[in-house]
Amino acid sequence: MSWRKDDEERPDSDEGDEELDENDYKTQKDAVLFAIDVSKSMLKPPAATGDKKADKDSALTAALKCAYQIMQQRIISQPRDMMGVLLFGTEKSKFRDDSGNGTGYSHCYLLSDLDVPGAEDVKKLKALVEDDEDEDEIMVPSQEPVVMSNMLFCANQVFTTNAANFGSRRLFIVTDNDDPHVGDKQAKSSAAVRAKDLYDLGVVIELFPISREDKKFDLTKFYDDIIYRDPAAEVGESGGPKTSKSGDGLTLLNSLISNINSKQTPKRSYFSNLPFELAPGLIISVKGYIPLNRQTPSRSCYVYEGEEQAQVVQSETAQVDFAARTVEKTELRKGYKFGGEHICFKPEELAELKQMGKKTLRIIGFKKRAKIPSWASVKKSLFIFPSEEQYVGSTSVFSALWQKLLKDDKVGIAWFVARENAHPVMVAIFPSGNPDDEESNTPYLPAGLWLYPLPFADDVRSVDHVTAPARPADELTDQMRQVIQNLQLPKAMYDPRKYPNPSLQWHYKIVQAKALDEEIPESMDDLTLPKYRQIDKRVGGYLAEWKEMLAKKASDLQNNRAFKREFEDGDDERPAKRAKPTKKATIGGGGPANSNADLKKAFEQGTLGKMTVAELKDIMASKGISTAGRKADLVERLEQWVEGNL
């Protein structure tokens, strides 16, 4: 797709364009195989330092615990993904059901085959890493040097047979040996060939190196020829994989889990290859994602626990009439109730009713960003990203539109039909800045365009908005401002990734405990609970002062209202005392101010400012209001009293 008929007139679209990577938002099943090195150095525990926070587990134990925890997470978050654990450099060899040294993959032990993780797989890993149950002597390093080409060929066989059609296949190598084939060029060349075979197969190899205090992991010795890295994906990153350190006070386990979690692929697709019409004849294709969505416990089946072993319930659904007779599908009719009658439709007629045109996203105009009010949000926004599958050049056009909207602070207004038979929606196309920019305020959201659903006219209720007049800040507001400023989140920004849903986590803990035959936990970790000690340390004094000020204000208000009730009761039960003519307080020259009704009327008419200072002070003294200050202060104070009490 070109911008003009003459290619020479086309502007340089590469200049200023930013690469928008969609790898983190693809929808695909994922297969991950852990390849963990078993060597004497990996089995060696870190040196004792006396620090309570120092590592106590060996690198091999930490890697197995990492795989154990990642497997638990995957069962909950991505139940359809596959995961396996392959140990290499072991004395024993095992590939699937075979055992011994004649398998063809010597010194490779397939601890857990690549499959959807089950409770038995989790139990096996738990017994190995937590209970130290290594009865089969699996974690015994080989006396012979490891052959990396053999391990890579074994991984190739596992991926080919178990996850042939998966869109994402990844091999995680955890090791502390940066040069497994010292001086053996033939072995290095063979390993590079096997790595190329995996790359051609679509398998991504990720390295998680572990460095020792006295030795830095050097990628140039061996792994630069094994790991195929995308240069565009590493812009702004340090040149290579993140290295986990052992025995430096930072827990090796947490470091490994953090690095591996950063490689996970979320699955939040909403639509794909949607035609995006920017102008007549100018069409590109985009994909849509839901980066932010509420997580709720999902129930996939019913389980019967009445017997020794829990069993999945086989459910059947039947539709019956009032006589408990089973109704066949051919007897059912679909319809709508209108005017007290049921209007029936045939299936083809219902399909026509739901047909509102083909799926599309079509821009019909542009507006200033400030013209879209915050109350117009009726649904969660969708993130869209260009796709080159239908129209070549979609990324360049999409990037140009994104940058133009950001530069001019505008949004697009578009007609949006997500899928066939979907309801049409009017959306505003909002641009989001680069996560690295400080002005974006959302580093956990990607840069690109968002579809912000807008309400139709009949979606907006006609409500008479009664807005109270703005009141100036008083002492309570000023004091509370100090409290709020001292309780700001880091960078004044809420990051949802730091606060797991406590009820959801508690639900999955109970399910996990029952599946693994563990004890039911008694309490849960809730990161949303306030940190009371830290709050008291920061704003305890301010809150005490504010509480005293509030008590004083409340006492004054209570006294004023009590005086008001006495004053009104006096007006109703007995005639007011006749005041001397020289001390009459009049409102704007329009009569005596001897009733609250007159005072309220004067406030509504705006005539309180026409009174003299003496008249204002007489009225305010009778109401128990302070009479200090100039006339403007007196009028303002009296207006506030009338507004709050009458």
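**Exercise 1. Where does A324 lie, between which two strands?**

Solution. 
- The model is predicted.
- Start with the strands: β12 covers 311-312 and β13 covers 334-338.
- A324 sits in the loop between β12 and β13.
- Next, the backbone. Phi of A324 is near 65 degrees, a positive value, and the residue is not glycine.
- Last, accessibility. The relative accessible area of A324 is 60%. The cut-off for exposed is over 50%. A324 is therefore exposed.

**Exercise 2. Find the loop that holds D409, and classify the residue as buried, partly exposed or exposed**.

Solution. 
- Helix α8 spans 394-408, and strand β17 spans 410-417.
- D409 lies in the loop between α8 and β17.
- Its phi is near 55 degrees, again a positive value in a residue other than glycine.
- The relative accessibility of D409 is 41%.

**Exercise 3. How many salt bridges does a search of the whole structure find?**

Solution. 
- The search returns twelve.
- Among them is the pair D200 and K196, at 2.9 Å from N to O.
- Another is R481 with D478, at 3.0 Å.
- A further one joins D321 and R325, at 3.2 Å.

**Exercise 4. Relate the D200 and K196 bridge to its helix**.

Solution. 
- Both residues belong to helix α5, residues 185-201.
- They are four residues apart, so about one helical turn separates them.
- K196 has a relative accessible area of 35%, which means it is partly exposed.

**Exercise 5. Which residues are linked with D321 in a network of salt bridges?**

Solution. 
- Take the pair D321 and R325: their side chains meet at 3.2 Å, N to O.
- Now extend the set. The network links D321, R325 and E331.
- Check accessibility. D321 is partly exposed at 27%. R325 is partly exposed at 41%.

Definitions and conventions. Residues are numbered from 1 along each chain as its sequence is written. This is a predicted model: local features need pLDDT of at least 70, side-chain atom pairs count only at pLDDT 80 or more; totals for chains, interfaces and linings use all residues. Side-chain values use heavy atoms; hydrogens and water are left out. Buried means under 20% relative accessible area, exposed over 50%, partly exposed in between (1.4 Å probe, protein chains only). A salt bridge is a side-chain nitrogen of Lys or Arg within 4 Å of a carboxyl oxygen of Asp or Glu.
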